[in-house]
Amino acid sequence: MTEPVLVPADPEPFALPPDTTALMLIDMQRDFLLPGGFGETLGNDVTQLQRVVPPLARVLEAARAAGLLVVHTREGHLPDLSDCPPAKLRRGNPSQRIGDPGRYGRILVRGEYGHDIVDELAPLPGEAVIDKPGKGAFYATGLEQLLRDAGITHLVVTGVTTEVCVHTTVREANDRGFDVLVLADCVGSYFPEFQRVGLRMVSAQGGIFGWVGDSTALLSVLSTTAPSTV
Ligand code: TIU
């Protein structure tokens with residue numbers, strides 16, 4: 001059992017216990033990040049999300065080296081869309097809908113190229129990949145059981161988008177008793193103002209949903225931890 005390390009964060013340093021902390025990468029999928037994917041069909045500027053990849057790749061490498069549990073998630077649906085609520089399918093006025101053929105295969109459908117994670121952050125064999133039909137990673141998935149079975153108490157949350165799937169997951173995790181650190185430069189929104197306010201909403205009111213730090217702060221302390229051998 002290694003001692004917690006203190007990560008500089010708002011509203012106060014985050015005491016991170018390396019043995020019971022998981023790194024979560026939310027929905028770093030081609031459909032959200034690449035031109036022509038689902039994100040762009042919703043009318044969004046995908047370049048806003050691409051800046052997340054380099055710092056997150058550094059955090060992923062450091063987390064693996066420190067022996068943290070790594071959990072990737074992917075938003076998407078079964079090929080027959082039976083797990084996609086009709087309201088989600090109809091929502092908005094996208095040029096293409098979930099399940100339609102897109103530049104990277106059927107949009108947000110499991111097994112398609114666009115549904116999978118960008119090459120730079122590809123899961124290693126053995127890393128957990130949680131497929132989720134909703135915005136939150138706990139809803140209708142085995143995530144909570146996986147974390148409990150692994151003895152996880154703390155989460156470092158990264159990914160896209162800040163105010164949608166990251167926020168929903170952070171709130172779900174907070175209600176389940178996990179301590180959550182969000183890395184500001186490793187989460188991304190299509191909307192700069194949502195990025196700013198979304199992060200403030202996590203750490204305001206004494207950390208109502210969790211803590212907010214950044215990759216530099218985490219990397220400075222993770223490099224001092226070694227994987228536990230017991
Ligand atoms: N549209 C948007 O901002 N996000 C999503 O649809 N899913 C996730 O955030 N992953």
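Before I start: angles under 35 degrees count as roughly parallel. I also note that this is a predicted model.

**Entry 1: two helices side by side**

I looked up helix α7 (residues 162–175) and helix α8 (residues 192–207). I know that two packed helices are described by the angle between their axes and the distance between the axes. Here the axes come within 10 Å and cross at roughly 10°. That makes α7 and α8 roughly parallel to each other.

Which residues meet in this pair? From α7 I wrote down Thr162, Glu163, His167 and Arg171. Their partners in α8 are Phe194, Gln195, Gly198, Leu199, Met201 and Val202. Sorted by type, the contact of α7 with α8 has 4 nonpolar, 4 polar and 2 charged residues.

**Entry 2: the sheet**

Next I traced the strands. There's an open sheet of 6 strands, and I read its order as β7-β4-β3-β8-β9-β10. The pairing is parallel. Which strands sit at the edges? They are β7 and β10 (211–213), since each pairs on one side only. On average, neighbouring strands of this sheet are turned by 25° against each other, direction ignored.

I also checked what α7 does here: this helix packs on the sheet and touches β3 (21–26), β4, β7, β8 (154–160) and β9. The direction of α7 makes about 165° with that of β8.

I zoomed in on β7 (residues 128–132). Which residues lie on its covered face? I found Ala128, Ile130 and Lys132 there, while Val129 and Asp131 make up the uncovered face. Strand β7 pairs with β4 (residues 69–75) in the parallel sense, over 5 bridges. Asp131 turned up again in this pairing, as Arg74 stands opposite Asp131.

**Entry 3: the β10 edge**

Then I went to the other edge strand, β10. How many bridges join β9 (residues 179–188) to β10? I noted 3, and the two strands run parallel. One pair I marked is Leu183, which stands opposite Gly213 in β10.

**Entry 4: helix α4**

Last stop was α4 (residues 53–66), a helix of 14 residues. From its first C-alpha to its last, α4 reaches 20 Å, close to the 20 Å expected at 1.5 Å a residue. Which of its residues are buried? My list reads Val53, Pro55, Leu56, Val59, Leu60, Ala62, Ala63 and Ala66.

How values were computed: Residues are numbered from 1 along each chain as its sequence is written. This is a predicted model: local features need pLDDT of at least 70, side-chain atom pairs count only at pLDDT 80 or more; totals for chains, interfaces and linings use all residues. Side-chain values use heavy atoms; hydrogens and water are left out. Buried means under 20% relative accessible area, exposed over 50%, partly exposed in between (1.4 Å probe, protein chains only). Helices (H or I, at least four residues) and strands (E, at least two) are DSSP runs, numbered from the N terminus. Two strands pair if DSSP finds at least two bridges between them. Axes are lines fitted to C-alpha atoms, for helices over the stretch in contact, and angles run from 0 to 180 degrees between N-to-C directions. Angles under 35 degrees count as roughly parallel, over 145 as roughly antiparallel, 65 to 115 as roughly perpendicular and the rest as oblique. Contact means heavy atoms within 4.5 Å. Ala, Val, Leu, Ile, Met, Phe, Trp, Tyr, Cys and Pro count as nonpolar, Asp, Glu, Lys and Arg as charged, and the others, Gly among them, as polar. The expected span of a helix is 1.5 Å times one less than its number of residues.
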